[in-house]
Amino acid sequence: MAGGDTSWRPLARPLLIPAWLVIGIFALLPVLLMAVYSFLTKEFRGGVIWDFTLTAYDQFFITRGLFGDEAAQVEWTYITIFGLSILQAGICTALCLIVGFPTAWFIATRPARTRAVWLFLITIPYWVNLLIRTVSLKFLIRDNGPLNEGLMSIGLIDGPLPLVNTNLAVQLGLFYSYLPFMVLPIYAAVERYNFALSEAAADLYASRWTTLREIVLPVVRPGIVAGCILVFVPALGAFLAPDLLGGAKTFMIGSLIEEQFKGSQGNWPFGAAVSMILLSLVLMALLIYARAAAREGER
Amino acid sequence: MKGVRYYPGFLPLTVLCLVILYAPLIVVMAYSFNGSTSITKWGGFSLRWYVDVFTGPDAGRFGQAAWNSLTIALMAATSATVIATAAALAMVKGGRFRGKGASFALINLPLMVPEIVTAVASLIFFTAIGLTTGYGTILVAHMAFCIPFAFLPIAARLEGIEGSYEQAARDLYATRAQAFRLILLPLLAPGLASGWLLAFIISLDDFIITNFVKGAGMETLPTAIFGSVKQGIKPNIMAISTLMLAVSVLFVTAAYLINRKGQKTP
Amino acid sequence: MRKLLLGTCLLASPAFAEGELKVYHWFEYIPQELVDKFQAETGIAVTIDTYDSNESMLAALKAGRLGEYDVAVPADFMVGIMIADGMLDSFTPEEMPNLGNIEPKWLDVPFDPGRKHSIPYQWGSTSFSVNRDVYQGDISSLATIFDPPPELSGKINVLDSQNEVLILGSLYLGIPQCTQDREQLKALNDMLLAAKPHWASFGSDIAKDVLVSGDAAAGMIYNGFSAKARAEGANVEYVYPKEGHVVWMDNVVLLKDAPNRDHALKFMNFLLDPVNAAAVTNYAAYTSGVAGVEPYLDEAIKTSPENNPPADITPGVFAEACDEETQKLYDAIWTNLKK
């Protein structure tokens, strides 16, 4: 050790202090407050009464019929909403990965000078408000919109493809909302990749796709994981794309929670409880991943 | 034989990605020049909505809102990137320490909580500790929820950087700060750029949290724009959006030119 | 750009402010010119903060914003709720010289008898509109929405608002609001579930745009919104159905702990002046509750079929605020519908 210490270990805690402080005060404390709220009694039409109860969680998991006097049964309504939202966010993440990885790869293989410009090109559309972008997307895909008119004029289809108010439109909207959150982290990781490794693999007669799977993917995996987290988790709670493009016919997690705070139901403890259940699910998934990653790191 | 950087299908997917990203923007730009008051019916080419943006009754409100949005996004993204970089160094380079798992969860917490919950809870919290809602509360709230968006790309980048570079620098008698500034930071740059950009667009776009913690008379662009929704989106919103795109293109061009100049003089 | 933006900020804050007024208002519901006029007449600087639903206004006030604003603009039933929760201050007729301008029928309203806390802002109705290019048949009944003809099935937008959907549904079935009768509630629940497959989308903010763009051929809508759709070229007819329709009124209320109570009263009094009330109507395309506005109204609004129903229509009903136990049942029906 000629040059001295390079260990970051003693600095780890000091370096985390700013993050702890900012998030602790402005995110953790409000969340703890909400955790408490989920165990309180709802005040009629919004607000809470400081009487501790499990009513909100009971409402989530158990049903006693429309009038509340039937035998208690498992309430599938909200579990189904969770399932559908998770499925939707999962598909969105997969789509973003399929398109986002090649895009990130493409940017990383440009000359160093132009890479920053490409990054900006990916993010420029996001200077326009999400609502406006989603409305414009809807304009493009509606029955008499440019996409359908174009396809019909070249004779590819006879009648308009019904896209608006379908799950396909919702997926398109979600994909459009979160794409850069996949591209940029992957780019950050791919840019580091040493192409000499690919060349070495090619010299050993590995096919392109074997090289991609066996050599590239392990190196850029942290970027892919970061991208998946950044797309999946926000997509779980998204409601603008489902509402505007899907027709808001069914609650998603995001709109269900929104309704409890801003809709006429005004049930804060239930909204808080749904959020806490969502939070614990995501938290569990993240911690399991972090454990697995740490174990792998030790090997 | 094409090079190892080539993968069949990657280029078409990239093109697809750009087409999808930019197609709706063409609608936005086209309808900003619409002569009618509707965004669904075309009423001939006109610049009236641009005139409206600068001289209409809401000109002051939108100008101020755009200014607030840009300054808040710049400050929130920058401070979040600094905080996230420090946190990423600790998490990735700091080895094992107690509370690491908890720290990881904490840093990503703003990502996991639905926005409306953060919004209501933050408002209750700010009111309880006697903070006046306004520019300051928006800024700190944005800073907090921007951190994970900056942290994840930076940490992902950092994981690919071996300690050997830094060790080599230290072997050559660079001080610790020098090794960090001259070796680690440039290696980290793509991660920093990605993280900062994501934090920036997340802050620029936020409506729900901002709407709750902004206080009377404060507007950001999203809150001002959502205002127009009750009566239907008018083309003046499209004009404002197009102007925002123009500003962003200016930024990009400036960044490109500065970058090129920097590369000419090593 | 920066210089320009700075310039506009300076313009936005009047230098001669003699006091201030904080208004909590709906998005895009007051013309900026009218606010400027008030500022010029009184020297009071007005700041407007906005909300997008009655409930989100209530949520924000309950989360600690009460005491920050002077006035807000809740709908009829919400005025009742806010009075019951003690969130409103009251005023005397002497403090509101223009109180006599209110049309007599809006003076003694059920949600604020005798107008002690609120003044009318705009009122209108909620029912539905049909694109007459698509469907020319009989549209006099709410069945057009709840049991639609094949031409309209799958092309209907419904307001994404629990109150309005459930009340119109109740009117269609002829059952009273806030009923606790099991059979009636069950019937409402089943009718809505059967109607849902005919609907293309739920949406309130988009109610006008879907009609103009052709995404929907019929839709629940507010009368002023439908008038705007017609003005933008859609051949839509607004219906006052034979089963009845929903009437609503937005009201300016004096909030409890208003920091500038005197200025708030001045502002409310200002809005009761027929010239100013007409300015709001010309902007929002609904109807003011103030007498004597006609000379100042735009011709198109004065004569619009949406605002001037024939005399023989079934009268509309206000939304009633149900008690907590009953409301729970309606909440459950709504969740059932949207799951």
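Student: Which residue of chain B forms a salt bridge with A:Arg133?

Tutor: Happy to start there, with a predicted model in which local features need pLDDT of at least 70, side-chain atom pairs count only at pLDDT 80 or more, and totals for chains, interfaces and linings use all residues. Side-chain values use heavy atoms without hydrogens or water, residues are numbered from 1 along each chain as its sequence is written, and chains are lettered from A in the order in which they are written. A salt bridge is a side-chain nitrogen of Lys or Arg within 4 Å of a carboxyl oxygen of Asp or Glu. With the closest N and O atoms 3.0 Å apart, the partner of A:Arg133 is B:Asp205.

Student: How many salt bridges are there between chain B and chain A?

Tutor: The pair A:Arg133 and B:Asp205 forms a salt bridge. Between chain B and chain A, the count is two.

Student: How much area do chain B and chain A bury between them?

Tutor: Contact means heavy atoms within 4.5 Å, and 117 residues of chain B are in contact with 103 residues of chain A. Buried area is the accessible area (1.4 Å probe) that two parts lose on being put together, summed over both. With 77% of it on carbon and sulfur atoms, the area buried between chain B and chain A is about 10200 Å².
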